[in-house]
Amino acid sequence: MNLSTNSVTVRFGAVAALQNVNVKVASGERRAVIGPNGAGKTTLFDVITGQRRPTSGKVLIDDADVTGFTVWRRARLGLARTFQRSTLFANLTVAENLAIAIRSRLKVGSRIWPGRLEREVGAEVSSRLEMARLPALRHRLAWRLGHGERRIVEIELALARDPRLLLLDEPMAGLSGAEREAAVTRLRALPEAVTVILVEHDLDVVFAIAQRVSVLDHGVLIADGTPAEIRANRRVQEVYLGGAD
Amino acid sequence: MSRLRQLRPRRWLGQAAFLVFLLSVPAWAPNRFWINVASQALIFAIFAMSLDLLIGYAGMPSFGHAAFYAAGAYGGALWALHLSSALLPLLAVGLMAGASLALVGALALRARGIYFLMLTLAFAQVVWSVLSNNQLANVLGGDIGLISVPRPVLPFAADVSLFRPANFYFLTLTVAIIVYLALAAVVASPFGHTLEGIRENEGRMESLGYPTFRYRLAAFIIAGALAGLAGMLGGSFNFSATPATAFWTTSGLAMIAVIMGGSRSLVGPAAGAIVVVLLQLGLSSLPARGLAERWQLLLGVVFIAFVLFLPGGLYGLLRRRAA
Ligand SMILES: Nc1ncnc2c1ncn2[C@@H]1O[C@H](COP(=O)(O)OP(=O)(O)OP(=O)(O)O)[C@@H](O)[C@H]1O
Ligand SMILES: [Mg+2]
């Protein structure tokens, strides 16, 4: 699934969170978006998923204009995201959280008669918990999870939709070294066809996963290229890498 | 899920005991008055359970649920007065009347939380003012309402008179049990879990691909239909449909029943409804002068005590005991 934004601008009053941003992400690409705090990374995600309408500009998914599409319609096209601030279903168990995502993919969330599919949903919940190494947390209410566990369930919730385009907003923030490694392994194991866009401050993670990197600063796309090109880019070094060489 | 499974044997036992208790009410009730009180309590329990679907499961704090109760009461009364008093069509009329009005009230679904509460309240007050409008008196009976509403007639057993309190009680009990079982199935179904997801985090549900508005609309219509069913029974029970049924105090009593009983449990609000009906009766017949007229104030005090000392309501208390 490919994605492009067509001179997207988002204004909050006087603040331009995004200014004429053009990004083009090819199908199956692993892209990182980096930039200092307040650069507009989350806003870019919000525009792509439909959570925020751009002040001007267009969003294209698989070359079709989806700017007017609702959030849920885009999700049904194969878009999934994680949120910078975890937004699990706090009073539901981990298993129930995952089941909701799985049912959405199977389009059985409106059934009154559960039928055989519910058993399939239960089985898939088990296998996904297994893959995420969280089987012991199955019946834990989401609000009782530790920070790292919550981040991992957050990712699993998005993965349970079998997305074709996955947006990850700082998924590793606050994770321990070991948790981080496990998450990187999990993300690298995604099918090649899945397009991934990752917002991440940890450049080791960025360079471990991304094939291309886009750099935002004050809502402006200041660079776009391979990790090597980005490392060598003067402007990027000035605003983001703090002149590190 | 496992929490429920652990509780299940005890729950079944409790439910069976409660069922026996309900079935035996006419046998030990001292007189017809108390059988009628029990019918009233069950009708109110149906109403409160339907509200629990919105408040407890879907997270939609409706303060206008009385409008749908009134729709059922008026729909059933008009039908019985002008067309027929056969039971099954009347039950369908109650459901349809509640559901249809819910379709109109759905404009409140644009709002969330306290704004949803205010909009549903305003909507119900509009319904109340239409019902009590004397210019429409030739259709709706104005501020007197519709009177001399006949009781329904049972299919295949027309000689079993529903004018007899015990017979009417068994009718309301049957409907209450069916409504309970239906709602229990709904909240345990994928659809019910989807509603819970919307209650917890609507935005997240949308980004998972759920068209949440449609689900909220469906919940609103189901709850409205069941409230209409309760209203239809209430109209039959009272032989009348009055504007007061749509007034905000009726919505308020149902909300109190849900919260006192413990939302998101169905049984809690049903028990809360029974408690509210009994309290209403007890407080309004207090011997002390002046107090009886202020039964609503006293009920408010009891309600506040519940909220302060029993968060989670009666059901929460039972669950903590069981755990
Ligand atoms: N709802 C909003 N209302 C007003 N201003 C906003 C809103 N959301 C974001 N902004 C502003 O838009 C700019 C971009 O914010 P955004 O959250 O997209 O940045 P970010 O790159 O994700 O930052 P961080 O690394 O801190 O997550 C910031 O200046 C922010 O203050
Ligand atoms: Mg951000």
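Trainee: How far apart do the C-alpha centres of domain 1 and domain 2 of chain A lie?
Mentor: Those two centres lie 28 Å apart. Domain 1 of chain A covers 3-82 + 163-239, and domain 2 covers 89-144. Domain bounds here come from an automatic or database domain assignment.

Trainee: What should I know about the model itself?
Mentor: It is a predicted model: local features need pLDDT of at least 70, side-chain atom pairs count only at pLDDT 80 or more, and totals for chains, interfaces and linings use all residues. Residues are numbered from 1 along each chain as its sequence is written, chains are lettered from A and ligands numbered from 1 in the order in which they are written, and side-chain values use heavy atoms, with hydrogens and water left out.

Trainee: Ligand next. How many residues surround ligand 1?
Mentor: There are 13 residues around ligand 1. To count as near, a residue needs a heavy atom within 4 Å of the molecule. The closest are A:Gly38, A:Lys41, A:Thr42, A:Thr43 and A:Gln84.

Trainee: Which element gives the largest share of that shell?
Mentor: H1(A) does, with 3 residues. Helices are DSSP runs of H or I with at least four residues, strands are runs of E with at least two, and both are numbered from the N terminus.

Trainee: How does the shell divide into nonpolar, polar and charged?
Mentor: It holds 3 nonpolar, 7 polar and 3 charged residues. Ala, Val, Leu, Ile, Met, Phe, Trp, Tyr, Cys and Pro count as nonpolar, Asp, Glu, Lys and Arg as charged, and the others, Gly among them, as polar.

Trainee: What lies 2.9 Å from an oxygen atom of ligand 1?
Mentor: A backbone N or O atom of A:Gly38. A polar side-chain atom of A:His201 lies 3.4 Å from a ligand 1 oxygen. For A:Glu170, a side-chain N or O atom is 3.5 Å from an oxygen atom of the ligand.

Trainee: And how much of ligand 1 does the protein bury?
Mentor: The protein buries 62% of the 630 Å² that ligand 1 exposes when taken alone. Accessible areas come from the Shrake-Rupley method with a 1.4 Å probe; for residues, only the protein chains shown count as cover.

Trainee: Switching to charges. How many salt bridges are there over all chains?
Mentor: The count is 17. The rule asks for a side-chain nitrogen of Lys or Arg within 4 Å of a carboxyl oxygen of Asp or Glu.

Trainee: Give me one. What does A:Asp224 pair with?
Mentor: A:Asp224 forms a salt bridge with A:Arg31, at 3.3 Å from N to O. A:Asp224 is in strand S10 (residues 220-225) and A:Arg31 in strand S3 (residues 30-34), so the pair ties together parts of chain A that are 193 residues apart in sequence.

Trainee: Is A:Arg31 buried or exposed?
Mentor: A:Arg31 is buried, at 3% relative accessible area. A:Asp224 is partly exposed, at 32%. Buried means under 20% relative accessible area, exposed means over 50%, and partly exposed is in between (1.4 Å probe, protein chains only).

Trainee: Where does A:Arg81 come in?
Mentor: A:Arg81 has a salt bridge with A:Asp46, the closest N and O atoms being 2.6 Å apart. Strand S6 (residues 79-81) holds A:Arg81 and helix H1 (residues 41-49) holds A:Asp46, so this pair ties together parts of chain A that are 35 residues apart in sequence. A:Arg81 is buried at 4%, and A:Asp46 is buried at 15%.

Trainee: What about chain B?
Mentor: B:Arg112 and B:Glu202 form a salt bridge, with 2.6 Å between the closest N and O atoms. B:Arg112 is in the loop between helix H5 (87-105) and helix H6 (113-131), and B:Glu202 is in helix H10 (residues 202-207), so the pair ties together parts of chain B that are 90 residues apart in sequence. B:Arg112 is partly exposed at 38%, while B:Glu202 is buried at 15%.

Trainee: Last one. What is phi of A:His218 near?
Mentor: Near 50°, a positive value in a residue other than glycine. Most residues other than glycine have a negative phi. A:His218 sits in the loop between strand S9 (212-217) and S10 of chain A, and is exposed at 60%.

Notes:
A polar contact is a pair of N or O atoms within 3.5 Å; within protein, one must be able to donate a hydrogen and the other to accept it, and residues adjacent in sequence count only if both atoms are side-chain atoms.
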